[in-house]
Amino acid sequence: MRRRVAIIGAGMTLFRRRMLETGKELSFEAAKMALDAAGLTLKDIESVVEGSAPDAFDGVHMKGEYLIDGSGGIGKPYQRVYVGGGTGVFTPVAGWWNVASGLYDTCLCVAEEKMSPLHPHPQYAFWSIFDQILERPLGTTLLWIFSLEMRRYMHKYGIKEEEIAEVAVKNKGNAVDHPCAQLGAKITVDDVMRSEPICSPVKRLDVSPPSDGAAAVILASEKVAKKLTDQPVWLDGVGWTLDSTHWTNRDLAYPEYVEKAAKMAYKMAGIKNPRKEIDIAEPYDPFDYKELHHLEGLQLAGKGEAPKLAIEGVSQRDGDMPVCPSGGLLGVGNPIAAAGMMKVCECFWQLRGEAGKRQVKKDAHTAVAQAWGDLMQVGTVTVMRS
Amino acid sequence: MPVFEKLSQSSQARHWNDSIPLEYHYTAGVAGEEFRRELRDNGRFLAAKCSKCKSTYVPARLFCPQCFIEMKDMFPINNPGYVQSFTAVDRSRDGSKAEHPTIVALVRFESAKGGIIHRLQVDRSDQVVLGMRVHPLLKDKFSRTGALDDILAFKPLE
C-alpha cells in the first residue's frame, strides 16, 4: 500500500555563473544544509537520489557516480535520475518512490548542476540533443525552438511581448529578496523590451542565465516525519510525462505533457479544482513565456489567459496565487537540475512560513512545483501541503 | 563556510583546461535512408502513413509511435508547406553577433504530423506571416547527396 511521504528539510547553495566549488562540493553543501534543517545526520538516511542534467556540462561522463560522495550516497542504495530540465522536480519524485513504496523511511534527494566547465558556453551541450540528420546540420540551437514556441503562443492567443515581459519583471524583482539569487533586479517592461534581441521574439531579459548550484530535500515516511518535526510538508502528489523528441509534431502553443503530469499529481493529491485549491505555484520559468505556458498546462489559467495573472496582480507575491515567489529561474538562476529542486525547496519554505522576506501574504497550505525539459518534451510535477 | 562568504567573482576560481575528443558517425536509419534517397533523386519529401490511425508523418519514419506498428506506406508529398512558426536569429551559434539575422521557420504540411526546420528565403522578418505557403529551394539534382543541405532554403510561393 502507498505510504504518505513528507519533506522534512531543505537546503541550497548560492546560484552563480561560476562557482569555485566542484559539483561534489556543491552537492555536499546543499545536502548538509537539508540534513541540518531536518535535524538528521547522514547515518539517519537510508537511500539517496541524485538528479543532474547532461553529463556534458560537468564534463564527467558518469556524473551520477562522480557526484556520489557529495550526495551522501556511498554505501547506500543510490540512484541518479535524469530527464533534462525536468530533472530537478523529478528527483523528489524518484525519492517519493523510495519512501511511498515502503522500501525506506528516509531518502536524501540532491540536485546538482555545474554548467560552467563547458566552454566556450554551456549552450554548446545542447547542440547534440537535436536530430543528427534533420536538424543539426542547420546549426539548430535551443534558442531557435524556444523562439518558435514563443511566437506560436503569442500568435495563437493574440498575446503581446509586453505582456510576457511582465513575468521577467515580477520574477527578477522577487529574486531581490532571495539570498542565493544570481540575477535579482528591479526592472521594467521597457527594460525587457529594449534588451538585446537574441532570437526574436526572445530578447536578453526574457531568458534565465546558466549557473552552477545545488539544492536538496529530505523525504521521510509519515511515521518518521511526525517524530522529527511539527511542521512536515506533505508530498501528496507526484506526476511526470514525456512526449517524443519529435518536437516538430507538437502544438507549440500548449504543453500537453505538462497537463498530463499535472493531472496525475492532482489526482493523487485529491485536487479537483487546481485554480481554487493551489495557493502557491512554482512553474518552470527558464524563459518568461514558459511560466505562462506552464501555468496553463498546470490548469492554473485558461489557454492564452495566463498573462493576465501577473498584470492583474494575481501572481504577484502579495496576490491571490503567488507564482514564482522565489524569483524563479529568471531571477535566482538556472543551474538546470538544481533550479527545479530550488522550486521544491521554495514551496517547502513558503508552506512552513520560513521564506523570510519572500514569504507570501496569503495563508498558504498547498503548493505546486513543476519543471520541464529535454527536447521540449517532459513535464514533472509535485504537489505539497502543510 | 556560511553561504554569504562564497566566492562569487568567477575570475578568482582557478581552473584547468581539458577536452574530451569524441567523434560520432551517425546513420540516418531505415526510414531516414528512404527519405534521403527521395530528396536526392526526386527532390521531394517522403512521408509515411500509419495503416491503423491514418496519421501521416513527415519526414517518413519506420513506425507509428502511437499505434506502435511499422508504417509501410511511404510516399512523396506534393502539397506545398506552410510556416507554422519562425524566428530571426540575431546571434550565431557561437554567441557572436550575426551580421544579418537568419530567418528560420518550422515548415509543416497539410494533414501531416511533424515538419522540417530550415532557413526561409526572405529579406526581412516582417515579410513572414504564420501560415504562409512555402516551397523548398533545392540544389540541382547532380549536386544533391540526400543531406539536409540539399535544401538551400524554403521560399514563399509567389
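This is a predicted model: local features need pLDDT of at least 70, side-chain atom pairs count only at pLDDT 80 or more; totals for chains, interfaces and linings use all residues.
1. B:Arg91 sits in strand β6 (residues 81–91) of chain B, and its partner A:Glu196 belongs to the loop between α8 (189–194) and β5 (197–200) of chain A. B:Arg91 is partly exposed, at 23% relative accessible area, and A:Glu196 is also partly exposed, at 23%.

2. Two further pairs lie within helices. In helix α9 (residues 222–228) of chain A, A:Glu222 and A:Lys226 are four residues apart, about one turn, and their side chains form a salt bridge at 3.0 Å, N to O. A:Glu222 is partly exposed at 29%, while A:Lys226 is exposed at 52%. In chain B, the side chains of B:Glu33 and B:Arg36 meet at 3.7 Å, N to O; these residues are three apart in helix α1 (residues 30–42), about one helical turn.

3. Over all chains, the search finds 36 salt bridges.

4. The largest nonpolar core has 166 residues, and A:Trp247 and B:Phe45 touch the most other members. Helix α15 (residues 336–351) of chain A gives the largest share, twelve residues. Domain 1 (5–120 + 211–236) and domain 2 (128–209 + 239–385) of chain A both contribute, so the core lies between them.

5. Leaving aside residues up to four places away in sequence, the contacts of B:Phe45 include B:Phe35, B:Phe75, B:Phe109 and B:Phe154.

Technical notes:
Residues are numbered from 1 along each chain as its sequence is written. Chains are lettered from A and ligands numbered from 1 in the order in which they are written. Side-chain values use heavy atoms; hydrogens and water are left out. A nonpolar core is a set of buried Ala, Val, Leu, Ile, Met, Phe, Trp, Tyr and Cys residues joined through side-chain atoms within 4.5 Å. Buried means under 20% relative accessible area, exposed over 50%, partly exposed in between (1.4 Å probe, protein chains only). Helices (H or I, at least four residues) and strands (E, at least two) are DSSP runs, numbered from the N terminus. Domain bounds come from an automatic or database domain assignment. Contact means heavy atoms within 4.5 Å. A salt bridge is a side-chain nitrogen of Lys or Arg within 4 Å of a carboxyl oxygen of Asp or Glu.
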